[in-house]
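Student: I'd like to learn how to read a model like this one, feature by feature. Where do we begin?

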Amino acid sequence: MKTTPDDPRLSAYLFEELGPKEKALLEKELADNPELRSELEELRSLEKQLQTSLKKEAEVFGLSATQSAAVARAMSESKKRPGFRLPLLEAFFNRPGLSFACAVLLVGLCLYAVRDMVVISNSFLAAQRENVVTSSPDAVADMMVELPVETETALEQAGESMEQAQPVSDTVTGSGSSGSVPMVSDIPLAGKLFASKDGIRSDGASLLVPPSSPANKPSSSQAVARGGGSEITIVSGERSRVRVQGELLYPKQYVSSQVVDEGVYTATNNKGAVLSGYADAGYMYSFMPKNKAANEAYESVVDNPFKSVGEEPLSTFSIDVDTASYTNLRRFLNQGLLPPPNAVRIEEMLNYFSYDYPQPVGEAPFTVSMEVAACPWNPKHQLAHVGIQGRNVSSTKRAPLNLVFLIDVSGSMSDENKLPLVKKALQLLVKNLNPTDRVALVTYAGNSRLALPSTPATQKTKILQALENLESGGSTNGEGGILRAYDVAREHFIRKGINRVILATDGDFNVGVSNREELVTMIQKQAKSGVYLNIFGFGMGNLKDATLEQLANKGNGIYGYIDSYQEARKVFAEQVNSTLITIAKDVKIQIEFNPARVGAYRLIGYENRMLNKEDFNDDRKDAGEIGAGHSVTALYELIPPGVGLDDGKVDPLKYQMNPVEPSRLTAAARSREVMTLKLRYKEAGGGSSKLLKFEALDSGYDWMESSNNFRFAASVAAFGMVLRDSPHRGESDFPLIEKLAQAAMGKDPDGYRREYLRLVRSAAEMKRPVGSAGQR
Amino acid sequence: MTFQTYESRMVHYAWTILGDLESARDVAQDTFLKLCHQEPHKVGDPPAAWLYRVCRNRALDLYRQRKNRPQEPEFLLNELASEEADPARDSERHEDKQGILQAMKSLNEKEQEVVRLKFLHELSYKEIADLTGLKTGNVGFILHSSLKKLRLIMQDQAATNPSNALSGAPRV
């Protein structure tokens, strides 16, 4: 029988599907027939290509993080069934990347027995897949885990099984470190995880250190991670006190950690992909190269410098009522981490808190209070405190609202602190609506969708249900969403009402570079015609801080960061009016300093809100909005004339008297006035700007004699400068920050100041030098 | 086979039937969860055949349900289509320089499935036959003719468009 190249038996032969007889026959023919042989080779090459391409295509597929976690949980549940052996479990624990997980599991179980410890767990389906995308050299973070003396026996016991699970040359060895209780389960974010003579290594990015048990206080578990030549030691002590020692020298990386309870938890890898899985209680540390595309992005902030009053007697800035930076840094600190310096914007910290400023009584929508006293962190300097209080508006008197919620429902929003929190937050808001208000719901992922057409608030149940029904999944196309949201807002525009788009996102707002400017222009245009934009960031991992702040700023709205349900309550329930009602817009401040009293000045914070002096009287120039009940706080550090600038960076002027010659001063300069504050604002309805003027007198007080407002704001500013490592921090340190705040707690009805004090203390713990670890 | 491989293959397999990632993931998840509650003797070891069968049946059920629901809002379909395109587009961009995946699209559904089951999922003729309900001989025939078709298409591609590598340029 003659076989032609078209004969299916040829491929059957290739795939070893032929019976022995047929195979022998075909082989004979192949030997005699070169045409058939070359056909076979072609098929073989095609087979290889198909295998490679199809596998490449398939390997990027996988379950979502939440699904992976659910499956992992089910798998470990099923393992507990007596006598149950699931075929897939073998494969599950024999993943090449995770061969070690099995080993650690054994180690862990032994330790559990020996020292009554909580240990490990693992099960990371999603994690494995990520090695597809994270193999760049700078993503590599080797991890070495020290194991204590006490565990060596356990390790030996486990050794046998471990070797079975690993390549022959790889074994885990414990290097003793007495007193430490290290237990480590590693969840590789990038996949490959293996044990070697040096310890446990991972080219991934995350490490789980479970808490030491109460019985073992004050010992701590310890893990050392190395990446790119740098090294970081992670010490976790008691549950409440996680500490990251040392610095990750690796320049573009930073570390985040979170305390995890037993259950599902998530981490973000350096591509911004969110991974989750099931683990026992512990601390999880993630190493994220900051320069990677989808990570958190913060615009660099350079502290305002001191300016000589002789050269620049005017300081002009736009107010800012954003608070995102404070909530964001709270998130960091609560996770046992110091925030990146550029994530710290002092004005947003100051404005997070409410102060005891007088409410306006007359026509003006706000009051301005000023106070000058000695500067706590530099005894030779003075500090000027400016407090602006916006009028409260009661909810019943509120103009009708036309709200469009624009909600990011892309895949990355599935975390508990993202979409689920967004739903809760917006449901709070909906519950606070008046019957004349309306709400629409636009979602965006791959495409935008009108999830709920504009609906009157009389149908609250319908709105709440629509929110409840939101589900996440898919990629992000922020641009499409925002256009649609504005369309909906315009269709139902309420004249004399409050028309707002409220964007909730984890920040991954994909806008093409070329379109970004267009988008900003569009947002500005919409703002001019009365539709404002509020932006709320949720969750972590790919927060595009700078973009969001800019967009909200251009959209005449506020930018907030919601890190918890508590914060959602503050923004969407307690202070919902300040969130939604604008009482004045384009609020600008210009301060003229009296050269007889002030030699140089520095505005603390507001770095990206500075205006040129001529912008102050220019009504076309956009500036910040102030909401009902909002307060704005600003601090100036003042250097009296004759006291040199400590930094000596500026030489004295050659052609001009410095300080200003007394004969050139006006009569007013000889008064006790330190400065004059001019404020311009427009009524919420628009029109031309109005001007207010206030003078500040030198109290001559030491800071100890100043008001609670003054001291608390000074504490916050000092905290910000310490976190930013500002060159102007002077004598600011944690004891001073605490002292200032402690004496200025006031009534603190909502506990925000007490919480602040707690954050200061935990930051102090974290900033403590490496040598003094655990000595508290 | 490793678990990870199973995971990505199940999702991928369901995706080739359903054409959207979200439903494919749901189907794969259901499959694994079902496995966890299944008596091991019913599953067999290795569990590949069982997994493929359950995954395929679920995916097809869903597919048929959808077909019988023509009122499926069109925007939703678009949305799904654009989401689902992501992983595939990425892999094309990175890997498919020869355009073999492109060429695959010229095959009919049955051929594509058999080719995938053979080269990606590495099932035997018999396993493919059991799964798809085809006869073993027919599987061999479909495979062989698909390979020949693919080869011709690729030769055409090479002739008309030598720099096929650009075909996967990212969408702006």
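This is a predicted model: local features need pLDDT of at least 70, side-chain atom pairs count only at pLDDT 80 or more; totals for chains, interfaces and linings use all residues.

Tutor: Let's begin with a term: helices and strands here are DSSP runs, numbered from the N terminus.

Student: What is phi of A:Asp586 near?

Tutor: The general idea is that most residues other than glycine have a negative phi. Phi of A:Asp586 is near 50°, a positive value in a residue that isn't glycine. A:Asp586 is also buried, because its relative accessible area is 9% and the cut-off for buried is under 20%.

Student: Where is A:Asn556, and what is its phi?

Tutor: A:Asn556 sits in the loop between helix H15 (545-554) and strand E21 (559-562) of chain A. Its phi is positive, about 60°, though A:Asn556 is not a glycine. At 7% relative accessibility, A:Asn556 counts as buried too.

Student: OK, now confidence. Which elements of chain A have the lowest and the highest mean pLDDT?

Tutor: The lowest is strand E2 (residues 193-196) of chain A, with 24, and the highest is helix H18 (residues 708-724) of chain A, with 95. Chain A as a whole averages 70, and 65% of the residues score at least 70. Over residues 90-295 of chain A, pLDDT stays under 50, and the model has 503 contacts beyond four places in sequence for them. Residues 770-776 of chain A stay under 50 as well, with eight such contacts.

Student: On to aromatics. How many pairs does a search of the whole structure find?

Tutor: The search finds 21 aromatic pairs over all chains. In general, a pair of aromatic rings is described by the distance of the centres and the angle of the planes. Take A:Phe15 and B:Phe119: they are edge-to-face, 5.4 Å centre to centre with 75° between the planes. A:Phe15 lies in the loop between helix H1 (8-14) and helix H2 (20-32) of chain A and B:Phe119 in helix H7 of chain B, so this pair joins two chains. Both A:Phe15 and B:Phe119 are buried.

Student: And what about A:Tyr352 and A:Tyr752: what kind of pair do they form?

Tutor: Edge-to-face, at 5.7 Å centre to centre and 85° between the planes. A:Tyr352 is in the loop between helix H10 (346-350) and strand E14 (366-375) of chain A, while A:Tyr752 is in helix H20 (residues 752-767) of chain A, so the pair ties together parts that are 400 residues apart in sequence. A:Tyr352 is buried at 2% relative accessible area, and A:Tyr752 counts as buried at 7%. Both belong to one aromatic cluster, whose members include A:Phe712 and A:Phe719.

Student: Back to helix H7 of chain B. Why does its length make sense?

Tutor: At 1.5 Å a residue, the 12 residues of H7(B) (residues 109-120) should span 16 Å; the end C-alpha atoms are 15 Å apart, which agrees. B:Asn108 caps the N-terminal end, with a side-chain oxygen 3.1 Å from the backbone nitrogen of B:Lys110. After the helix comes B:Glu122, whose phi is positive, near 55°.

Student: Is H7(B) mostly covered or mostly uncovered?

Tutor: Mostly covered: 10 of its 12 residues are buried. Among them are B:Glu111, B:Arg116 and B:Phe119.

Student: Last one: which residues touch the most other members of the largest nonpolar core?

Tutor: That core has 70 residues, and A:Ile388, A:Phe405, A:Ile407, A:Phe572, A:Ile626 and A:Leu679 touch the most other members. Its largest share, eight residues, comes from helix H11 (residues 419-431) of chain A. A second, separate core of 66 residues includes A:Leu63, B:Ala24, B:Cys36 and B:Val115.

Note on methods: Residues are numbered from 1 along each chain as its sequence is written. Chains are lettered from A and ligands numbered from 1 in the order in which they are written. Side-chain values use heavy atoms; hydrogens and water are left out. A nonpolar core is a set of buried Ala, Val, Leu, Ile, Met, Phe, Trp, Tyr and Cys residues joined through side-chain atoms within 4.5 Å. Buried means under 20% relative accessible area, exposed over 50%, partly exposed in between (1.4 Å probe, protein chains only). Helices (H or I, at least four residues) and strands (E, at least two) are DSSP runs, numbered from the N terminus. pLDDT is the predictor's confidence in each residue, from 0 to 100. Contact means heavy atoms within 4.5 Å. The expected span of a helix is 1.5 Å times one less than its number of residues. A polar contact is a pair of N or O atoms within 3.5 Å; within protein, one must be able to donate a hydrogen and the other to accept it, and residues adjacent in sequence count only if both atoms are side-chain atoms. Rings of Phe, Tyr and Trp (its six-membered ring) pair if their centres lie within 6.5 Å; planes under 30 degrees apart count as stacked, over 60 as edge-to-face and the rest as tilted.
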